Amino acid sequence: MTVRKGASLEASTASPAAGAIVAALARAGTGLMFGVPGGGPNLDVVGAAEAAGLRFVLAHGETAATIMAATSADLTGAPGAVVVTRGPGLASAVNGIAHAALDRLPVVVIADTVADTRTSHQRIDQGALGRSVAKAAVTVTGPPTAARAVATALAAPPGPVIANMDNSAADEQRPRRMEDGVEAQTLRAYEDMAARAGRAILAEAVRAARRPVVLLGAGAIPRTAAVRDALNGRGIPALHTYRARGVLPDSGAEAAGLVTGGTMEWPLLSAADLIVGLGVDEAEMIPARWDYAAQTILVSGPGAPPARGWFTGATELSMPLTEALDVLAAGPEPDWPTDAGRAVRADSARRLAAAAVAAPGLLAPQQVIATARSCAPPEIIATVDAGAHMLVAMPLWEVPGPRLLLTSSGLATMGYALPAAIAAALCLPQIRGLPQTQGLPQTQGAPRVPVLAFTGDGGLGLTLAEIETAVRLSLRVIVIVFNDAALSLIKIKQKPAGHGGDEAVRYRPTSFAAAAAAMGAAGATVTSERELAAALADALARPGPTVIDAYVDPAGYPAVMDLSRGQAGRRSVPGISRANQATQMKERVQ
């Protein structure tokens with residue numbers, strides 16, 4: 001980020017609060033600000049951002065703008081920033097704020113307030129509303145409170161903070177608090193003691209284990225290099241949460257697929273005698289029972305989100321993940337078959353592919369993912385919306401590094417993929433060279449690699465107007481719509497009677513390609529793999545956004561759901577399942 005020559009961040013606007021919040025964000029490394037501004041106070045913030053060198057991006061909806069800000073924070077590590085108006089603007093942003101909260105992303109939501117105490121119009125309790133979904137709601141009146149809002153968003157565990165702008169009150173004048181030496185030493189001593197105890201517990205468990213499995217969560221992403229050094233070639237299978245995908249590359253022998261709380265991970269976890277979670281956040285786990293017999297140890301660094309007991313019977317350790325990795329690396333050779341992780345992942349992919357169903361003139365969702373993956377470059381960032389297609393996209397889309405496959409994991413909100421893709425396209429020049437792109441082909445100058453968004457018709461319907469945002473900004477975003485004119489994931493759960501029938505889950509057929517063209521984007525309708533490959537080739541060569549309207553057959557989704565979260569996931573994998581091994585041993589004896 002560059003500050004305009006001669007510009008003073010705090011003095012760049014007539015509003016002290018606006019200048020202060022922009023200055024605090026600029027010092028923290030924020031380079032983009034998203035939003036849907038209202039009146040004068042909002043525009044003061046936008047003007048201050050312009051003067052300070054932050055780029056303002058106008059969106060069509062507050063939730064979409066907040067998701068953009070959260071994605072910016074996810075990819076760059078700097079706090080995301082979004083501007084909304086008082087009352088309806090902040091209320092409309094709540095879904096995006098909740099997404100940032102459950103995915104632990106630092107976002108500062110800047111909202112103006114109703115200053116006149118006599119006015120009831122648009123007045124809501126913004127502090128109470130903010131605190132219901134955010135880490136905190138801070139009234140910003142000048143530099144000290146602005147700095148506190150940004151610091152709170154970044155403090156572990158990071159998350160969203162509501163910055164309610166108020167120029168009518170004096171700012172805090174107390175001096176900056178100096179760290180109390182005794183308090184800091186006490187905290188460090190406690191953390192050291194907890195880490196020593198944790199190392200001893202983990203080391204004892206690892207020494208006794210013969211079939212350990214590692215669960216990698218979002219907390220492991222900053223330690224990607226250390227994870228790879230410790231686990232590559234060790235023969236210990238590793239399952240990834242959605243947000244952790246790519247910490248180990250999918251091409252590696254240890255990458256075993258996903259852990260979501262469903263049943264796709266059952267073959268490994270039921271055969272394990274020790275399960276070690278590294279940086280796993282319970283918010284990523286779906287509502288389900290954790291009933292595996294193996295001892296479960298969850299390792300999190302200081303400041304991790306609090307556990308609520310989802311992992312029944314687990315031992316929770318607070319220690320640096322690098323120390324836990326040292327313990328794992330020093331453990332005995334595991335008793336897993338060669339390439340056990342790869343074998344389990346390949347079995348899952350094979351079963352998902354076998355569940356593909358496509359009537360004439362329609363595509364199976366699995367065909368869409370396979371075709372897109374074969375056409376797109378390995379370093380492309382893909383975003384995935386919530387919906388039935390997600391159960392196909394998340395396990396089958398292969399990535400070589402972290403933060404190359406993005407989804408709303410904790411909240412699992414629809415309407416995520418397109419706003420996230422827009423933010424990712426804007427962030428690409430900043431993130432090349434960060435850990436998630438190390439070892440990947442690097443682009444000189446303007447990035448040649450676009451961003452890919454996978455969305456259902458329901459999710460795109462929530463954010464359709466943001467196609468104009470991508471057009472206006474000339475962003476290389478490719479949107480692939482799984483179009484079946486239905487809320488297919490909800491339809492799977494719908495009972496034949498008493499759940500409303502088709503009127504509760506079906507839409508009228510819509511041409512999203514035509515809608516995209518009306519907003520200035522390129523549009524294509526595809527009904528076969530050949531047409532999809534051709535449309536992708538055109539989109540990859542195009543300087544602006546493209547919407548590919550893929551007509552899909554939802555008939556295979558129930559089988560996919562059963563493999564992911566139902567009884568079909570509790571399958572035997574040759575050489576992995578204990579039951580299968582016992583049968584093989586009995587046959588040898590006979």
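## V140 and its surroundings

Leaving aside residues up to four places away in sequence, V140 touches A17, I21, T145, A146, A149, A163, N164, M165 and D166. The structure discussed here is a predicted model. V140 belongs to strand β5, which spans residues 136–140.

Is V140 buried or exposed? Its relative accessible area is 0%, and because buried means under 20%, V140 counts as buried. The fold also brings V140 and A20 to 8.3 Å from each other, C-alpha to C-alpha, although 120 residues separate them in sequence.

## The parallel sheet

Strand β5 takes part in an open sheet of 6 strands, whose order is β2-β1-β3-β4-β6-β5 and whose pairing is parallel. The edge positions are held by β2 (55–58) and β5; each has a single partner strand, so one side of each lacks a neighbour in the sheet. From one strand to the next, the twist averages 25°.

In general, the strands of a sheet pair through backbone hydrogen bonds, and the pairing may be parallel or antiparallel. Within β3, V83 is the bridge partner of G35.

## Helices across the sheet

Helix α6, made of residues 126–133, lies across β4 (107–112), β5 and β6 (160–165), and runs at about 170° to β6. Helix α7, made of residues 143–154, also lies across β4, β5 and β6, and runs at about 160° to β5.

## The buried side of helix α11

Which residues of helix α11 are buried? In this helix, which covers residues 321–329, they are L321, A324, L325, V327 and L328. These residues lie on the same side of α11, because the arc that they cover around the axis is only 155°.

An α-helix has 3.6 residues a turn, so residues three or four places apart point the same way.

## Aromatic pairs

How many aromatic pairs does a search of the whole structure find? The search finds 6. One of them is formed by W290 and Y292, with an edge-to-face arrangement: the centres are 4.9 Å apart and the planes make an angle of 75°. W290 and Y292 are both buried.

W290 also forms an aromatic pair with W310, and this pair is tilted, with 5.7 Å from centre to centre and 50° between the planes. The pair links distant parts of the chain, 20 residues apart: W290 is in the loop between β10 (274–278) and β11 (295–300), whereas W310 is in the loop between β11 and β12 (315–318). The relative accessible area is 5% for W290, which is buried, and 16% for W310, which is buried as well. Ring pairs join W290, Y292, W310 and F311 into a cluster.

Key. Residues are numbered from 1 along each chain as its sequence is written. This is a predicted model: local features need pLDDT of at least 70, side-chain atom pairs count only at pLDDT 80 or more; totals for chains, interfaces and linings use all residues. Side-chain values use heavy atoms; hydrogens and water are left out. Buried means under 20% relative accessible area, exposed over 50%, partly exposed in between (1.4 Å probe, protein chains only). Helices (H or I, at least four residues) and strands (E, at least two) are DSSP runs, numbered from the N terminus. The arc is that of the directions from the helix axis to the C-beta atoms. Contact means heavy atoms within 4.5 Å. Two strands pair if DSSP finds at least two bridges between them. Axes are lines fitted to C-alpha atoms, for helices over the stretch in contact, and angles run from 0 to 180 degrees between N-to-C directions. Rings of Phe, Tyr and Trp (its six-membered ring) pair if their centres lie within 6.5 Å; planes under 30 degrees apart count as stacked, over 60 as edge-to-face and the rest as tilted.
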